[in-house]
Amino acid sequence: MQIDAPHHTRDTPRKRDSVVQCSGREVLEGHLMEVDEVMCFPRLSRVAVCGGTHGNELSGVYLVRELLKAEKKVKKKKEEEDEEPVSVQLVLSNPRAMQQCRRYVDTDLNRCFTHAALNGSPSDSDPYEMIRSRELNAMLGPKGSPKAMDLVCDLHNTTANMGLCFIAYSDSDWVCLHLFRHLQRRIPDIPMRYIHFNVARKESYSLDSVGKHGFAMEIGPQPHGVVRSNIYTAMKVGVQHVLEWVHFFNSGTVFEGGLVEVFTMVKHIDYPRDKETHNITAAIHPQLQDRDFCLLRPEDALFQTFSGETLRYKGKEPLYPFFVNECAYYEKGIALSLARKRQVMIPSIRVQTEQEQQANERGFKSEEEE
Amino acid sequence: MSFSGSASFAEATRVAIFGGTHGNEMSGVTLVNLWMKNKEEIQRKRVDTEPFITNPRAVEKCTRYVDTDLNRAFTPENLSAPGGDDLPYEVQRAQEINRIFGPKGSPEAYDVIFDLHNTTSNMGCTLILESSKDLFNLQMMNYIKKAIAPASCLVLLNEHPLLKYSTSRSVAKHPVGLEVGPQPQGVLRSNIFEAMRVILKHALDFIELFNEGMEFPPCTVEVFRVLERIDYPRDNNGNIIAMVHPNLQDGDWEPLNPGDPMFQTFDGKTIHYQGSSTVYPTFINEAAYYEKQQAFVTTRRETLVASAIRKA
């Protein structure tokens, strides 16, 4: 394929890792662009893999511990193979919660990464997790700056029967979408979905939003406080393939575009509750239990009350349920979440060459000088 | 006149159902809360059943316990310990429960206490028996098993001198543990909840029939007797270095033979069961037992014989 001279696109000034349009044509909305265009991104030199963001989600806890043990061996091997090795930062995000095998100590760490939370003035009475989120932001960010990790992969478990899910804020982060596609193809025996939370970047609240690219890898079903060997193995293989993809990407592989199925979050539904005590008065209906990502149609069973009555879905639009009966969401008022299924066209991508990267940087400098 | 070979017991009129002994085991919490609001379902003509939340603070925080495991707290030392408010919360609770439903070992103690639990293990419905000589309980368990057939309800006998523990239900003359799984902590699964409810219905029916004067003929009851506790392999710092093997995971009550896979290290190596004979494992991968150094317990199958019983 003929590669024309790079042409700089004018991204929002905030983004330092600009996308270089290799074919010389204008970048259009993802689903309108022509399939033979290849979008180029800077190297993913710094990757973080985080476990224990919730201290009782044990696959990630044990996996990161094991990876830390093996770290020396891995680094040495990479140095022998690559000229510029990928640096993989392994993080145990919430050590105090891990020690107590609880989701959190004071407050949910994975909601403490909004810009407001990270940049607010610290105080002595701050919850532990607020203090920790600022430490993690210093280590892996700062969020929104050029120093931030290129990719953050945050490991989670759920009690819901969700298989392996990527959870991301964007449905146009081509790096994350290509990563997902790669895993889907490499691990066909694990059901895999890409969940898109349509939250504006400036309101993003989770740990993975600290990196330039980021996603949560959520695997279930697994009870909190338990490690199931099949779930652990799925996570281990998932992370291996993520790092493998990064390596291929950095080595110049062109990843062909195409369609990816994405589930975009639409709304949550809470349990029916007692007006006085706020206790739940029904459980997820047996016909819905464990049926994440099975289409929920109007009038389908949702809940079964303790007196045996079936409560039905009253929405007009058939949607896809997920996080069905996730333990940690009872207190957040969520019995299940609902998503719309869409096909997203992703472009082909590859890493910027050094020449392109330098031209890119010169372009930025000259923009700044202007 | 008493029938020869028949054991007689006083009418079992004082019965309690405990929920929330572990505050995050949701079936029992939910059932007891339901029945505290409306006792109709658990009422019988000749049985007065009291639903009771044993560990309200743990229930409120949706945690197993606040200071210490309530279901290990009913030791003689704890029950007689002085110190009042300075004692750990669960020890105070144990003393309170012993006052209301005991005293343990005395004639005033409640006749029967059902203690409701959930487990992350794939144990299905399990009745827990604390003494192989408790004829009343054996007959009740036989009745329940027959009533729910073809659905299954197995009986776990924990009479092991070292592994037996001081449960909340042990305050009663006839303590009955009811463990239903698999269910994650903090989660309420509809099928698990309904299964527990049905078992309790049959249990109360049995007591009602007994109190009405029905004689229950001799029966045999298959039980699984606890043999030993097997811990996870750990390193020198006490950290777990292997997980329950995929072949064993969810295999509660199925034979584990010498040489069968038991654990899988984090880098994929298999550790095999080294026992000398086939055992029946249960409580496989129970969340709460990681800190109690237990990956699973082994049991052996036994058939117990219970003589006929009737009320005195």
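**A predicted model: sheet, helix and cysteines**

Biologist: In which sense do strand S4 and strand S6 of chain A pair?

Modeller: This is a predicted model. Strand S4 covers residues 46-51 of chain A and strand S6 covers residues 151-157 of chain A. Four bridges join them, and the sense is parallel.

Biologist: Which residue in S6(A) stands opposite A:Ala48?

Modeller: A:Ala48 has its counterpart in S6(A). That residue is A:Val152.

Biologist: Which strands of chain A stand at the edges of the open sheet of nine strands?

Modeller: The order in chain A is S5-S4-S6-S9-S7-S8-S10-S15-S14, with mixed pairing. An edge strand here has a single partner strand, so one side is left without a neighbour in the sheet. The edge strands of chain A are S5 (87-92) and S14 (320-322).

Biologist: By how many degrees are neighbouring strands of this sheet turned against each other on average?

Modeller: Direction is ignored for this angle. The average is 30°.

Biologist: What angle does the direction of helix H6 of chain A make with that of S9(A)?

Modeller: Helix H6 spans residues 229-250 of chain A and packs on the sheet. It touches S4, S5, S6, S7 and S9 of chain A. Its direction makes an angle with that of S9(A) of about 160°.

Biologist: Is A:Cys165 buried or exposed?

Modeller: A:Cys165 is in no disulfide, and the nearest cysteine sulfur, in A:Cys294, is 12 Å away. Its relative accessibility is 0%. Buried means under 20%, so A:Cys165 counts as buried.

Biologist: How many disulfides does the structure hold?

Modeller: A disulfide needs cysteine sulfur atoms within 2.5 Å. For A:Cys176, the nearest cysteine sulfur, that of A:Cys153, is 9.2 Å away. Over all chains, the number of disulfides is zero.

Definitions and conventions. Residues numbered from 1 in each chain as written. Chains lettered and ligands numbered in written order. Predicted model: local features only at pLDDT ≥ 70, side-chain atom pairs only at ≥ 80, totals over all residues. Heavy atoms only, no water. Pairing = 2+ DSSP bridges. Helix = DSSP H or I, 4+ residues; strand = E, 2+ residues; numbered from the N terminus. Axes fitted to C-alpha atoms, helices over the stretch in contact; angles between N-to-C directions. Contact = heavy atoms within 4.5 Å. Buried < 20%, exposed > 50% of the residue type's maximum accessible area, 1.4 Å probe, protein only.
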